[in-house]
Amino acid sequence: MNKIVENTLLKEKIVWRRIEPGLEVFVLPKKGYKKKYATYSANFGSIDSHFVVEGEGEELIVPDGVAHFLEHKLFEDEEGNVFDRFAKLGVSSNAFTNFTNTTYLFSSTDHFEQCFEILLDFVQNPYFTEESVEKEKGIIEQEIRMYEDNPGWRIFFNLLTALYKEHPVHKDIAGTVESISHIDKEVLYKCYRTFYHPSNMAVFVVGDVDADKVFEQVAANLGRRNYSSQGEIKRIYPKEPRELANEKIVQELVVSQPIMNLGFKDLDVGYGGEKLFQRELATALVLDVVFGSSSKLYNELYEEGLIDDEFDAGYVAEKEYGHTIIGGETADPEKLFERLTAGIKQAQQNGISAEQFEHHRRKMTGDFLKSFNSLEFIAHNFLAYHFKGINFFNYLDVLQSLTLEDVNQRLREHFGEENRARSIIMPKIG
Amino acid sequence: MTIFKQTRLSNGINLFVHPTDKFKTVLVQLIFHRQLAEDDVTECSLLPAVLQRGSNSYPTRQQLAHKLEELYGSELTADVSKKGERLFVVFNLNLVHDQYLPDENELLRKAMTILKDAINNPVMEGEGFKAEYVAQEKEQHEKVIKGLINDKIAYSVERCLQEMCKDEPFGVFKYGDVEKLRQIDNKSLYSFYRNFLEVSPVDLHIIGDVEPEKVNALVEEVLQFDRGDEMSIPDTVIKTESGEVKYISEKLDVNQSKLVLGYRTGLTYADDDYFALLMYNGILGGFPHSKLFQNVREKASLAYYAYSRLEKHKGLMLISAGIEGKQYKQTLEIIEKQVEDMREGDFGQEEFNNTQIGLRNQFLVEEDSPALVINRALDGMLSRRVEDTGKLLERLAAVTREDVIRIAENVKLDTVYFLSNKGAEQA
């Protein structure tokens, strides 16, 4: 009844069981670690703002920031604050919401079973009152204000706003002060009912634990709750056109020098699974070859003082959207833009050589292995990829399955002019 | 975890080996100790960037990066950090343990050789480092110094510390200052470096699945450089009196105001009472169950973040919160009330117990992070107080309510720093 995913190179294995009514539970036993880390995720993020409410057939558009708001409010129930229950056991609990999912977590050393029970309980026990919903708005408003002053956050969302005309990925995860003012307990309950059914969720536990005991505990907890089964959730995403919303967005903030991000919207979307994983790793490899710290372009720009060592290029691949973001702080955003686009053109003409391909594959292998020290990294990635229909443990195999032609094709097709936008932060004077 | 093995090598490097089979990696940290001083910190923080530009074997940044990538993405990074009035120039080498690599069994030696080259064989030009590298890194470093303002939370905390410790070495910014930077050239920096290598005390930490004897031999063989008489670094001066409270306010065109309060605690990691202070800080503002989070955020909805933390080698405590500018007075009152309540012993047994068990959890999980294991060893060496987790937990468990109330007397407000937006109240 348990499934086992083993990776011989990593010397790690994951034990996996599906528990009625459809919750996937994954356990990665890590001998010798003091920390036991558990996450409980709902496949519900900031982009899920238009859907059919479970049990009602009603199509609903919810205020921006509702998934994040719900995350804050689940930490309170009839008996008070959930933090207090964890605190009694010396445990820090937390949660985060991103574009596609909401994750609740704790990190314990002793009392794992008790903590795990609290986690399972509070995530399955929504309790929203008008008063508590209103009170939370002041706190989230300050969270939003904090991010408004964060240049890295602002440049990121301005870029997404430039790249995407329709898709809600361009909206801030926490929403706006205005949008959260429309959130009330009814809308929170509707979202909860739709997205927090066990079949739309998953659990990941990593640490020195016994997998079967974890499964038994989950089964007993869920068994008490008389869930009925739920059909497929109907999420409605707008059709994202090929065109950009803007070619360039500029904002002024109190910063020491300009920041420039160059983005490419992916036009090849609409699928998950291994095919998506291949596309992601192929793109990551391309970016590493063209913009990585051993590339000619990177070193020229560095020596000219156009970039610093925080300069970065990354690619995000989700089922419904995907984009590349390249950039960092710069003395001259226009010049950096010209140099990057010329560099891409040059790379497209030259192509990636077999030697470069192998070299960067080797580097990515090392990077992947190194990241397995972190229990948090393992848990977060495994579930995020699981919701995309991808087994994260297959990383090295998928990397090996790539061909030189795959990456060269990606290099030729992904970086066009019609899917390219810029976001710039300029220093505010005075 | 067993405590590290410490050896003094023939060239005066203190080698610390932490053998453990928990990790996929081997982490090496080469740590140079300096006194934190205004006339020294700019050179110290510029050095690592210049040394990473290349060595005789890999004379450009690009070649060096390429070589590291070939070693399965081994990372060589460097930075400065401070603990009390001591500055550390730290080189990190982070690599995959080669037991996970079927075609590789000498990765540590290869990576150590790169580190050695960066330290021993920088690219030279006459009597100095290569002039072009120094000029470019000076420009980059100037941006680092000026870039502090980009992160408003870090900026406000640093500014509070600078104002608070204006007349003490601790107030020196770890990246130095632009004026001093402009005076540095490739020759002056190189002669600084020769002396730096000779006299700075040096620690080398290695953590991972390694055998101490083999590592000793490897380091003796690979990492050799000329050493002279080690400089002695004075202990950090701990001020206990704060005098009249200083109020500093600054305006920037920002959306959220930042309130930072600096306190003198008079206690450091070296003191027997340090654990009572740790408990004090935990009850006040170290956790979600703490007074600051509960009262500033949960009850009054004034902030998203509100916490306190210790500067454990300087005897300071900082409280930081991001608020609406017009709520300065209300927030300050609530914070001061929490500190007052601590002094009065107005905290419950539950707050006390939750903090004790929360701190216990934190100590235990430190063992799961290679960098935190090294950091703890460094704290211990610095305070002449090297203790294993068991001993630390014993000291934590021994703290009583009375201890916390007793040391609360020492905690004195020194500086209130307020970074405000345009619509804010005057501080």
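**Figure 1. Helices α1 and α7 of chain A cross at roughly 95°.** In this predicted model, the axes of α1 (residues 66-73) and α7 (residues 185-195) of chain A come within 10 Å. Helix α1(A) brings A:Val66, A:Phe69, A:Leu70 and A:Lys73 to the contact, and α7(A) answers with A:Val187, A:Leu188, A:Cys191 and A:Tyr192. By class, that gives seven nonpolar residues, one charged residue and no polar ones.

Figure 2. Chain B gives 65 residues to the contact, and chain A gives 64. If you zoom in on chain B, look for B:Lys24, B:Glu69 and B:Tyr304: these residues lose the most area to chain A, together 12% of what the chain B side buries.

**Figure 3. A:Lys34 and B:Glu367 form a salt bridge between the chains.** Their closest N and O atoms lie 3.1 Å apart. The interface of chain B and chain A has eight salt bridges, and 37 residue pairs are in polar contact between the two chains.

**Figure 4. Several helices and strands of chain B touch chain A.** Among the elements that give two or more residues to this side are the helices α2 (61-70), α4 (131-146) and α5 (152-164), along with the strands β5 (86-96) and β12 (316-323). Helix α12(B) gives the most, with eight residues. Taken by class, the chain B side divides into 23 nonpolar, 20 polar and 22 charged residues.

Definitions and conventions. Residues are numbered from 1 along each chain as its sequence is written. Chains are lettered from A and ligands numbered from 1 in the order in which they are written. This is a predicted model: local features need pLDDT of at least 70, side-chain atom pairs count only at pLDDT 80 or more; totals for chains, interfaces and linings use all residues. Side-chain values use heavy atoms; hydrogens and water are left out. Axes are lines fitted to C-alpha atoms, for helices over the stretch in contact, and angles run from 0 to 180 degrees between N-to-C directions. Helices (H or I, at least four residues) and strands (E, at least two) are DSSP runs, numbered from the N terminus. Contact means heavy atoms within 4.5 Å. Ala, Val, Leu, Ile, Met, Phe, Trp, Tyr, Cys and Pro count as nonpolar, Asp, Glu, Lys and Arg as charged, and the others, Gly among them, as polar. Buried area is the accessible area (1.4 Å probe) that two parts lose on being put together, summed over both. A salt bridge is a side-chain nitrogen of Lys or Arg within 4 Å of a carboxyl oxygen of Asp or Glu. A polar contact is a pair of N or O atoms within 3.5 Å; within protein, one must be able to donate a hydrogen and the other to accept it, and residues adjacent in sequence count only if both atoms are side-chain atoms.
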